[in-house]
Amino acid sequence: TTDSAGTGRADFKFDQGYGYDDTVGKVVVVHDTVTSLGGTYARIACGVLGEVDESLGTKMWYARTKSGNKMCVQDCKTGFEDHCGGLREDIYSNIYDSVANCCANQFSYVNSDLCEARSTSTYTNKYYVDYANQKCAKDCDDCDSTLTDFSAKLWDSAELCCSNMLGWLDTALCVASSGNAQCLEAQMRSSNGNTYPNADGYVNICFDGKLSETSGTMQMRVENLKASTTGGVHIHTGTSCTDSTAQGGHYFIGEDPWFNAVNPTIAPTGTGYTTDSAGTGRADFKFDQGYGYDDTVGKVVVVHDTVTSLGGTYARIACGVLGEVDESLGTKMWYARTKSGNKMCVQDCKTGFEDHCGGLREDIYSNIYDSVANCCANQFSYVNSDLCEARSTSTYTNKYYVDYANQKCAKDCDDCDSTLTDFSAKLWDSAELCCSNMLGWLDTALCVASSGNAQCLEAQMRSSNGNTYPNADGYVNICFDGKLSETSGTMQMRVENLKASTTGGVHIHTGTSCTDSTAQGGHYFIGEDPWFNAVNPTIAPTGTGYTTDSAGT
């Protein structure tokens, strides 16, 4: 079939009765279309079948199946041109007139820009997520790109990558980190008259990408301020929080950027914080003060009270010095663990200081939360909340998860030898729910029995006692409910080639051999005999039995 450009393509199987050796040297003929479609069915193209001349190559593109970064390569000798991948070894493999067509047809599951870039030894200049470092990285020539996952999702900007792939992080801080930002932190305490003596928290600032850049992002969280109001938070020229003189004035070159945007009566273009009903102030904004990272190390950050019109004095109420985090401190708030380990959320404090301390945050711009529940909900929303909170506090959920290897549901509990390491596992309140939803192909009763650490037995069933049904064949499984000492259990049978569409009994007997009735013995029980056929109440209304289908199973 030809396309709109007149390029004819075929791909089909055939059997002509002759093999490889007999076909070498024969010709291939292309016929024109038939008369009814406007052609003559004439012979319009011809070629002789033989080995490819090593000096030639089609220069078309084909998919590389061997290892290597190139995904599509040209059909020509390696080294002959930049993108030659050698002559095709599979001469029947598809070839394409462009790298774009090769990528679209052969690697449709890969971002087209990535396929085309790697095929031509270039970069996409787009962003991909780097979960290990909790940031988005750029795939570019001078970026030390580590992108080797060809199925990775690519984004046109760091903002899009951060918001879509790392939604649990603050987007502005994530973008700053994605540009190799340099960050500073200030531990904030009450200052200048102690209007709010219990004021306590932090301010983080990150400069956008390079040490020489002066624009950045500020994030603040300070507790025990005036509730439900607004105020300003600014970098000042001073290097000490002792008093207003030591703190100095706003730190900037050019136009002063340090105003409270929340209240336009102060300055419509500036920056500020907002407090909630508990008096916790938060801010998250961009700024450009004209000074970069090196010049800002050691400067102070000042939090101002709300303005007079809102019941405040705009006084300096909290202060902190920008620099590295004091190793003796920690917020005791919860943050997401990104390194290996069972704990998912940990507290921001030195390891060993308290039970759930995970060390001080290495990423000072990462989000922190006032409870393990909030940390789990925001950072690990794809994980069962009970599992996240349990692992974060070194406990168990006491719920059930599927154990595919052993075809059962297992309980996640302290004395259950829990093997649950898959944090994305679905958890269930009971073994019944787990079995019916996750192992639906098993008999639910048997699955539940097995999930309670049941002990199970199996018998291979064959025709016996006169061979009434000589081809009888199948199995019987029995599982005791939970422990070896328990005597109740579940039986499951599947035996083929019996009498069709009827009922019968299936029982455990006292014997240990199937040789004959004597060896098989009678029903095996203590007390009242349980072995009857419940399917047919004329045999016994309280017992057990089987039913066959129309095929005799």
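Contact here means heavy atoms within 4.5 Å. Helices (H or I, at least four residues) and strands (E, at least two) are DSSP runs, numbered from the N terminus. This is a predicted model, in which local features need pLDDT of at least 70 and side-chain atom pairs count only at pLDDT 80 or more, while totals for chains, interfaces and linings use all residues. Residues are numbered from 1 along each chain as its sequence is written, and side-chain values use heavy atoms, with hydrogens and water left out.

**Whole chain**

Start with everything shown. The chain has 12 helices and 24 strands. Of its 553 residues, 39% are buried, where buried means under 20% relative accessible area, exposed means over 50%, and partly exposed lies in between (1.4 Å probe, protein chains only). Take the contacts between residues at least 6 apart in sequence: 51% of them join residues at least 24 apart.

**Stop 1: H8 and H9**

Select residues 372-379, which form helix H8, and residues 385-392, which form helix H9. Their axes come within 9 Å and cross at roughly 125°. Axes are lines fitted to C-alpha atoms, for helices over the stretch in contact, and angles run from 0 to 180 degrees between N-to-C directions. Angles under 35 degrees count as roughly parallel, over 145 as roughly antiparallel, 65 to 115 as roughly perpendicular and the rest as oblique. H8 and H9 are therefore oblique to each other.

The crossing of H8 and H9 is right-handed. That term applies if the near helix is turned clockwise from the far one by less than a right angle, and left-handed if anticlockwise. Now show side chains: Val372, Ala373 and Cys376 of H8 meet Cys388, Glu389 and Ser392 of H9. The residues of this contact between H8 and H9 divide into 4 nonpolar, 1 polar and 1 charged. Ala, Val, Leu, Ile, Met, Phe, Trp, Tyr, Cys and Pro count as nonpolar, Asp, Glu, Lys and Arg as charged, and the others, Gly among them, as polar.

**Stop 2: H2 and H3**

Next, select helix H2 (residues 99-106) and helix H3 (residues 112-119), whose axes come within 9 Å and cross at roughly 125°. H2 and H3 are therefore oblique to each other, and H2 passes H3 in a right-handed crossing. Val99, Ala100 and Cys103 of H2 make the contact with Cys115, Glu116 and Ser119 of H3.

Stay on H3. Its buried residues are Leu114, Cys115, Ala117, Arg118 and Ser119. Their cover includes strand E3 (61-63), strand E4 (72-74) and H2. At the start of H3, a side-chain oxygen of asparagine 111 comes to within 2.8 Å of the backbone nitrogen of aspartate 113. After H3 comes serine 121, with a positive phi near 60°.

**Stop 3: threonine 548**

Move to the segment after strand E24 (546-547), where threonine 548 is found. Threonine 548 is buried, with a relative accessible area of 5%. A polar atom of its side chain lies 2.8 Å from the backbone oxygen of lysine 499. The backbone nitrogen of threonine 502 is also 2.8 Å from a polar atom of the threonine 548 side chain. Leaving aside residues up to four places away in sequence, threonine 548 touches Leu498, Lys499, Ala500, Ser501, Thr502 and Thr553.

Finally, select threonine 503 in strand E23 (residues 503-504). Threonine 503 is partly exposed, with a relative accessible area of 30%. Threonine 503 and threonine 548 are 45 residues apart in sequence, and their C-alpha atoms are 6.3 Å apart in space.

Note on methods
A polar contact is a pair of N or O atoms within 3.5 Å; within protein, one must be able to donate a hydrogen and the other to accept it, and residues adjacent in sequence count only if both atoms are side-chain atoms.
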